[in-house]
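Good morning, and thank you for coming. Please look at the structure as I show it.

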Amino acid sequence: MEIKLNPCPFCGRKAKLGDREVYEAVQEKYGKACLKVSCENPECAAAILVCNRTNGPLPYEVMAEKAAEKWNRRA
């Protein structure tokens, strides 16, 4: 599955999704997790955080799509 992320709206550099393994480990431990999309430019630090607000766990792919949609709306 390919998730398309628009460039950072502030500096124009590439964006990246949070790590799948971290997301899945946190979700396994707590039942829910958040996924971050951030600018790859360390001087920019633009980021969004999308959290699971359902009654149960969500697969990484579902959260990645939600996070990308939110990031791309502001870019």
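Cys-34 is partly exposed, its relative accessible area being 35%. This value, like every other I shall give, comes from a predicted model. Cys-51 is also classed as partly exposed, with a relative accessible area of 27%.

What joins Cys-34 to Cys-51? The link is a disulfide, with a distance of 2.0 Å from S to S. For those new to the term, a disulfide is a covalent bond between the sulfur atoms of two cysteines. A search of the whole structure finds 1 disulfide. The two partners lie in distant parts of the chain, 17 residues apart: Cys-34 belongs to strand E2, residues 34-39, and Cys-51 to strand E3, residues 47-51. The torsion about the S-S bond of Cys-34 and Cys-51 is about 105°, and the disulfide is therefore right-handed.

Is Cys-8 buried or exposed? Cys-8 counts as buried, because its relative accessibility is 4% and the cut-off for buried is under 20%. Cys-8 takes part in no disulfide; its nearest cysteine sulfur belongs to Cys-44 and is 3.6 Å away.

Cys-39 is buried, with a relative accessible area of 7%.

How values were computed:
Residues are numbered from 1 along each chain as its sequence is written. This is a predicted model: local features need pLDDT of at least 70, side-chain atom pairs count only at pLDDT 80 or more; totals for chains, interfaces and linings use all residues. Side-chain values use heavy atoms; hydrogens and water are left out. A disulfide is a pair of cysteine sulfur atoms within 2.5 Å. Helices (H or I, at least four residues) and strands (E, at least two) are DSSP runs, numbered from the N terminus. Buried means under 20% relative accessible area, exposed over 50%, partly exposed in between (1.4 Å probe, protein chains only).
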